[in-house]
Number of protein chains: 2
Amino acid sequence: MIKYPTNKQVVASKKTSTSNRGMILEDAINQSNAYYLANDRAVIYKKPTPIQIVKVDYPRRSAAKIVEAYFKVASTTDFNGIYRGKYIDFEVKQVANQSKFILANIHLHQIQHLKKVHQHGGIAFVIIGFTGRDEVYLMDCAHVIQAYEKRETNLSYDYIVNNGKLIKQGYLPQLDYLSVVDSIYFNTEVSQ
Amino acid sequence: MIKYPTNKQVVASKKTSTSNRGMILEDAINQSNAYYLANDRAVIYKKPTPIQIVKVDYPRRSAAKIVEAYFKVASTTDFNGIYRGKYIDFEVKQVANQSKFILANIHLHQIQHLKKVHQHGGIAFVIIGFTGRDEVYLMDCAHVIQAYEKRETNLSYDYIVNNGKLIKQGYLPQLDYLSVVDSIYFNTEVSQ
């Protein structure tokens, strides 16, 4: 089970709750990645949030303190790494809406990035979490790219259920998305 | 030719000049990656600098301003992506010392990361730039891992020349390191 926000405090708590919910799904992926890494199954990391640093102070010799910086729009996706010898790349999105996934949640350059990765022989997909349903799906990037190119504005929940695969939730890993990757991209189920 | 710092102003100018020099080599790699991407040769990006955000202000609804943050130690390397269907991962270091590369310049967890990537079938290496010599070498991660495991403190310039490969510098790409990757990992020279 993914823990949805209850008493958990985040720093930027004044921000819209949407991004906080996103964080929780990301945490589950990060925990799963740490588990995969520890078990030598894959080497996958979340990229740091891109920040534009404007001003840095040096109150002490050893510690640089950033006192003015801004969030930048990411030029790629959040996660990448290597699995079973293949380059793997994906974006993670959590949505409150129970009936559809609004495509504007993924930036155009992220779509273009996933397409490039696919063209170069990598494994590229999106992980979409439906908060209210406590369901998380993995769907190949082709579906999102196609919808974008058809200028659709969203993908329905039913479409995602039919074209994606439900990721099993558990204790370790919290979200076993690599088993879904096995079944979609390698046509095998790897027993653990 | 790589442009070494002349009149170029960087934000954190009070910091040690070592990191600034590192930036210039990084710029050359970033420019080369943009060239490779535009020419559909590879999809390789620099990861954002990892930052620990402590406090965020919201002076306007639309613009979050980070007012307290600190640099974090990177858990992985700076660059990764996909090239010729393979996962590629590397660290870039520029050194002022003309006779050797001090191994402490690469963190232990970065070495461990490169080793993991290699074990999982990826291409992992380091790019080392000797500022004073205006020479940049690409060397497979095995050499750095081996030196670390033998508890050596540095790799001599001669060792790097003999075990690495000189990267050709030019206009576009500024540093054609993928041609060296071709010759080391694919046993081919790709004509452009």
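F90(B) is buried, its relative accessible area coming out at 0%. Keep in mind that we're looking at a predicted model here. F125(B) is buried too, with a relative accessible area of 0%.

## Rings that pair up

F130(B) is buried, at a relative accessible area of 1%, and Y137(B) is buried at 5%.

Over in chain A, the rings gather into a cluster. One aromatic cluster there takes in Y35(A), Y36(A), F79(A), F90(A), F125(A), Y177(A) and Y185(A).

## Chain A in outline

Chain A carries five helices and 10 strands. Of its 192 residues, 47% count as buried. Take the contacts in chain A between residues at least 6 apart in sequence, and 63% of them join residues at least 24 apart.

## How α2 meets α3 in chain A

Helix α2 (residues 108-119) of chain A packs against helix α3 (residues 141-149) of chain A at an angle of about 130°, and the two axes are 10 Å apart. That angle makes α2(A) oblique to α3(A). As for handedness, α2(A) passes α3(A) in a left-handed crossing. On the α2(A) side, the contact is made by L108(A), I111(A), L114(A), K115(A) and H118(A), and on the α3(A) side by C141(A), V144(A), I145(A), Y148(A) and E149(A). Sorted by class, the contact of α2(A) with α3(A) comes to seven nonpolar, one polar and two charged residues.

An α-helix has 3.6 residues a turn, so residues three or four places apart point the same way.

## What sits around α3(A)

Which residues of α3(A) are buried? They are C141(A), H143(A), V144(A), I145(A) and A147(A). The cover over these buried residues includes α2, β7 (123-130), β8 (135-140), β9 (154-156) and α4 (157-163) of chain A. After α3(A) comes R151(A), whose phi is positive, near 60°.

## The α2 and α3 pair in chain B

Now for the helices of chain B. Helix α2 (residues 108-119) of chain B and helix α3 (residues 141-149) of chain B pack at about 130°, their axes 10 Å apart. α2(B) and α3(B) are therefore oblique to each other, and α2(B) passes α3(B) in a left-handed crossing.

From α2(B), the residues making the contact are L108(B), I111(B), L114(B), K115(B) and H118(B); from α3(B), they are C141(B), V144(B), I145(B), Y148(B) and E149(B). Split by class, the contact of α2(B) with α3(B) has seven nonpolar, one polar and two charged residues.

## Two strand residues of chain A

I66(A) belongs to strand β3 (residues 65-71) of chain A. Is I66(A) buried or exposed? I66(A) is buried, with a relative accessible area of 0%. Leaving aside residues up to four places away in sequence, I66(A) touches I53(A), K55(A) and V56(A), along with I51(B), V67(B), E68(B), A69(B), Y70(B) and F71(B). As for R133(A), 67 residues from I66(A) along the chain, the two C-alpha atoms are separated by 39 Å.

V95(A) is in strand β5 (residues 86-95) of chain A, and V95(A) is buried, at a relative accessible area of 5%. Between V95(A) and Q169(A) there are 74 residues of separation in sequence and 17 Å in space, C-alpha to C-alpha.

Methods. Residues are numbered from 1 along each chain as its sequence is written. Chains are lettered from A and ligands numbered from 1 in the order in which they are written. This is a predicted model: local features need pLDDT of at least 70, side-chain atom pairs count only at pLDDT 80 or more; totals for chains, interfaces and linings use all residues. Side-chain values use heavy atoms; hydrogens and water are left out. Axes are lines fitted to C-alpha atoms, for helices over the stretch in contact, and angles run from 0 to 180 degrees between N-to-C directions. Helices (H or I, at least four residues) and strands (E, at least two) are DSSP runs, numbered from the N terminus. Angles under 35 degrees count as roughly parallel, over 145 as roughly antiparallel, 65 to 115 as roughly perpendicular and the rest as oblique. A crossing is left-handed if the near helix is turned anticlockwise from the far one by less than a right angle, and right-handed if clockwise. Contact means heavy atoms within 4.5 Å. Ala, Val, Leu, Ile, Met, Phe, Trp, Tyr, Cys and Pro count as nonpolar, Asp, Glu, Lys and Arg as charged, and the others, Gly among them, as polar. Buried means under 20% relative accessible area, exposed over 50%, partly exposed in between (1.4 Å probe, protein chains only). Rings of Phe, Tyr and Trp (its six-membered ring) pair if their centres lie within 6.5 Å; planes under 30 degrees apart count as stacked, over 60 as edge-to-face and the rest as tilted.
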